[in-house]
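Please look over the model below before reading the points.

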Amino acid sequence: MKYFLLFLLFVTNNIFSQQEKLDSLFNAQKHFSGVVLIAENGKPIYQKAFGYREFVDQIPLQTSDIFELASVSKQFTAMIIMMLKEKGLLNYDDSVSKYLQIPYKGMTIRNLLTHTSGLPDYQDIMDKYWDKSKVAGNSDCIEYLNKYAPPKHFEPGEKYEYSNTGYMLLGSIAEKASGKDFIDLCRNWIFRKLKMKSTDIRTLEEKKATRNFAIGHIYVEERNKWVRADSFPSSNYTIWLGNRKGPGRVSSTASDLLKWDQALYTEKLIKQSTLQEAFTPMKLNDGTISNYGFGWEIKNDPSFGKIVQHDGDNPGYKTQIIRYIDKKKTMILLNNNASKDFGLILKRLEEIIK
């Protein structure tokens with residue numbers, strides 16, 4: 001009993017020491033706006049909000065506020081594909097052309113999942129040719145890829161190159177294989193199943209109607225103020241590409257992302273044997289390894305062991321989820337003013353929680 005109490009005291013003191021260091025870190029970040037959640041064994045040991053949901057009226061952020069996740073969304077797209085695989089509705093090594101008509105041959109679903117397809121950027125084509133008074137979805141993007149057929153960057157499996165086009169196509173493949181709308185798949189198979197009540201793929205109108213939606217902001221030096229990111233022309237693509245599915249558009253809270261994180265230690269969605277393939281690096285044609293699985297970046301760290309993570313970057317937003325699998329730790333950072341110190345903050349956070 002004596003040794004147990006001493007151990008309990010040590011753990012408690014260590015947690016308080018971490019919290020003090022974390023408070024000190026964020027208090028020193030005068031311009032950081034966002035929510036941070038750090039958990040051990042599924043329990044938050046640090047969860048706080050800093051900054052503003054909306055800067056003009058200085059509405060303080062709450063830990064329950066909803067953020068645009070940007071490319072953190074890709075792990076949900078990959079999960080839908082894995083669920084379809086378990087249901088026998090597709091295989092990772094199926095040719096993409098089995099499901100979609102595209103002007104590129106020889107690439108598989110596995111190539112799309114691991115960013116090894118060599119596909120050109122659909123957004124570049126849409127930016128050049130699309131009538132921006134209309135809102136494009138996946139079928140429009142695929143039509144324009146066929147119409148203008150920009151050359152692929154390399155042969156499938158030759159190397160890793162991050163591709164939003166690949167994940168847009170995965171959204172459409174999921175619809176073709178299941179006969180269901182991709183958004184409905186995400187809602188019914190993942191979000192509702194895990195009781196992620198604040199998580200959804202929302203339209204711009206739905207975001208505007210959501211009271212606790214954290215608005216993305218960008219600092220304008222000439223005006224010495226934070227300005228809503230959606231007021232800049234560079235953000236317009238989020239409007240005229242507003243119906244795309246697969247590469248982004250999921251919005252969520254830190255607490256919901258922790259539910260997602262914890263579900264990945266179970267078999268609520270898929271078998272662990274299926275999930276492990278998502279956390280396995282892709283082997284390229286020449287035998288070298290690309291450290292990206294199915295919707296997750298993968299690395300091994302001397303202090304933390306196996307880590308799977310993903311970041312997101314949209315106008316005014318930076319997001320990150322890091323899962324320290326061997327240590328059963330989780331770090332979630334959601335930022336709504338595109339902090340230039342985001343990378344440094346992440347690095348410092350890791351130093352504190354080691």
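1. The buried residues of helix 2 are Lys74, Gln75, Phe76, Thr77, Ala78, Met79, Ile80, Ile81, Met82, Met83 and Leu84; buried means under 20% relative accessible area, with exposed over 50% and partly exposed in between (1.4 Å probe, protein chains only). That makes eleven of 13 residues, and the helix is mostly covered. Helices (H or I, at least four residues) and strands (E, at least two) are DSSP runs, numbered from the N terminus.

2. This is a predicted model: local features need pLDDT of at least 70, side-chain atom pairs count only at pLDDT 80 or more, and totals for chains, interfaces and linings use all residues. Residues are numbered from 1 along each chain as its sequence is written, and side-chain values use heavy atoms, leaving out hydrogens and water.

3. Just after helix 2, glycine 88 has a positive phi of about 80°.

4. An open sheet is formed by three strands in the order 5-9-6, with antiparallel pairing. Strand 5 (67–68) and strand 6 (200–201) are at the edges with a single partner strand each, so one side of each lacks a neighbour in the sheet. Strand 5 pairs with strand 9 (residues 250–252) over two bridges; pairing requires at least two bridges found by DSSP. Glutamate 68 lies opposite serine 251 in strand 9.

5. Serine 252 belongs to strand 9 and is buried, at a relative accessible area of 0%. Its side chain makes a polar contact with the side chain of threonine 199 (2.7 Å); such a contact is a pair of N or O atoms within 3.5 Å, and within protein one must be able to donate a hydrogen and the other to accept it, with residues adjacent in sequence counting only if both atoms are side-chain atoms. Serine 252 and leucine 69 are 183 residues apart in sequence and 6.8 Å apart in space, C-alpha to C-alpha.
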